[in-house]
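Open the model in your viewer and keep the selection panel at hand. The tour goes from one selection to the next.

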Amino acid sequence: MRETGYMATQGNVNWGFIGAGGLATTATAQSMHNAKNATLYAAAARDKNRAESLSPKIAYDSYEKLIQDPQVDAVYISLNNDAHLPWIIKSLDAGKHVLCEKPMVMNAGDTITAYEHAQNKGLLLVEAVWMLWHPRTQRLQELVSSNAIGSPTNYLGTFTFDSVTPGNYRLDPTKGGGALYDVGIYPLHALVALLTEDTNYTVTTAHSEKLDKQVDMTMKAQFNFDNPQCKGSGAFVASFAMHPSQRFVLKGTEGEITLPGDQAFTSYNEESKLTITTKGKTSTEKFSAVDPYQSMFENMSDRISGNGGWLPNPWQSVQVAKIVDQAFKSAEASGELP
Ligand SMILES: NC(=O)c1ccc[n+]([C@@H]2O[C@H](COP(=O)([O-])OP(=O)(O)OC[C@H]3O[C@@H](n4cnc5c(N)ncnc54)[C@H](OP(=O)(O)O)[C@@H]3O)[C@@H](O)[C@H]2O)c1
């Protein structure tokens, strides 16, 4: 059984939560309270009572008041997707480091703009793709970069479920709704993290099934990828209208890796597994239960404090956003939208 190798330092960073929605309430506030080097110092929500329910030291009824609090070192944004970019920019302008929920922003151009703004301010900006901090995801990277399955040739990633609450922003095109933004980015981030920065991705076909001609309830796409070390093809499915399932299968010239079970991208506080087949032999690695949100907060806090800390590269978010842009464009062009 593999354990997480990461140990947070005992330094401290004061965090401000912008938004107290479902994710903050059910998971991330507690993960931050559990973090060893971070304090959930402030929380802001349109309804102050909801901000208070996260048990911060101070609650605000406005996001603006929170970013003007000089005690706040860094903010964590978990708003509806279209609100990410404006609050990233305002928070950076207020001198705060930013950890923003996925999808960080809505397209590749805005992703580049946001990172350039952070760089100009000398502050950190990180997309909160929490699975990237899971030890199993890190092990995947180790295996692929050491050529354990040879050169990657084929990829399949799916993330589907069927229970979006009516009225939720996920069904609203003006708030960044839709399955590709919500869950499709997970299988894409999983692959992009494994291939090098110079990889080209070309979406060859994409189809979306829309609700009332608005948000994509299902998005299915195929793409090619190539870089000097490998050349292959991939497919992903994202859906709000299919049986809950998460699949990760990466084939290479000399083997295959799968993440068994239905939590390929969202393993949280439970044991998880990775299966690798090479030379006709299959072996399974097991990973202890971890909270990747806590690890994400601890790593970013360590980085802010100058104590190391692992963070993903900005180019990963740019690559994923470029694939998302292509998928929307290709689906639109396919003319098969209902
Ligand atoms: N990493 C993960 O595992 C994970 C899981 C779920 C979601 N997410 C991401 O986290 C973000 C929030 O998701 P969620 O599930 O927490 O969403 P949610 O429960 O629907 O909460 C929506 C959030 O948006 C805010 N908001 C501000 N203006 C709003 C408006 N006009 N209408 C609706 N909401 C408004 C709410 O702020 P107030 O608190 O001020 O009301 C609330 O914090 C999304 O970007 C999503 O992709 C990530």
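Which handedness does the β-α-β unit made by β1, helix α1 and β2 have? Keep in mind that this is a predicted model. Select residues 22-34 for helix α1, together with β1 and β2: the unit they form is right-handed.

Next, select residues 13-18, which make up strand β1. Of its 6 residues, 6 are buried. Show the side chains. In a regular strand, side chains alternate between the two faces of the sheet. Here Val-13, Trp-15 and Phe-17 point one way, while Asn-14, Gly-16 and Ile-18 point the other way. Residues on both sides of β1 are buried.

- Select residues 38-44, strand β2, which runs parallel to β1 and is joined to it by 6 bridges. In this pairing, look for Ala-42 of β2 opposite Gly-16.
- Select residues 74-77, strand β4, which also pairs with β1 in the parallel sense, over 4 bridges. Here Tyr-76 of β4 is the residue opposite Phe-17.

Last, select the ligand and the residues around it. How many residues surround the ligand? There are 21, and the closest are Gly-19, Gly-21, Gly-22, Leu-23 and Ala-45. Colour the shell by residue class: 8 are nonpolar, 7 polar and 6 charged. Then colour by domain. Domain 1 (13-129) and domain 2 (135-289 + 313-334) each supply at least three residues to the shell around the ligand.

Conventions. Residues are numbered from 1 along each chain as its sequence is written. This is a predicted model: local features need pLDDT of at least 70, side-chain atom pairs count only at pLDDT 80 or more; totals for chains, interfaces and linings use all residues. A residue is near a molecule or strand if its C-beta atom, placed from the backbone, lies within 6 Å of it. Ala, Val, Leu, Ile, Met, Phe, Trp, Tyr, Cys and Pro count as nonpolar, Asp, Glu, Lys and Arg as charged, and the others, Gly among them, as polar. Domain bounds come from an automatic or database domain assignment. A residue is buried if 20 or more other C-beta atoms lie within 10 Å of its own, exposed if 12 or fewer, and partly exposed in between; C-beta atoms are placed from the backbone. Helices (H or I, at least four residues) and strands (E, at least two) are DSSP runs, numbered from the N terminus. Two strands pair if DSSP finds at least two bridges between them. A crossover is right-handed if, with the strands pointing away from the viewer, the path from the first strand over the helix to the second runs clockwise.
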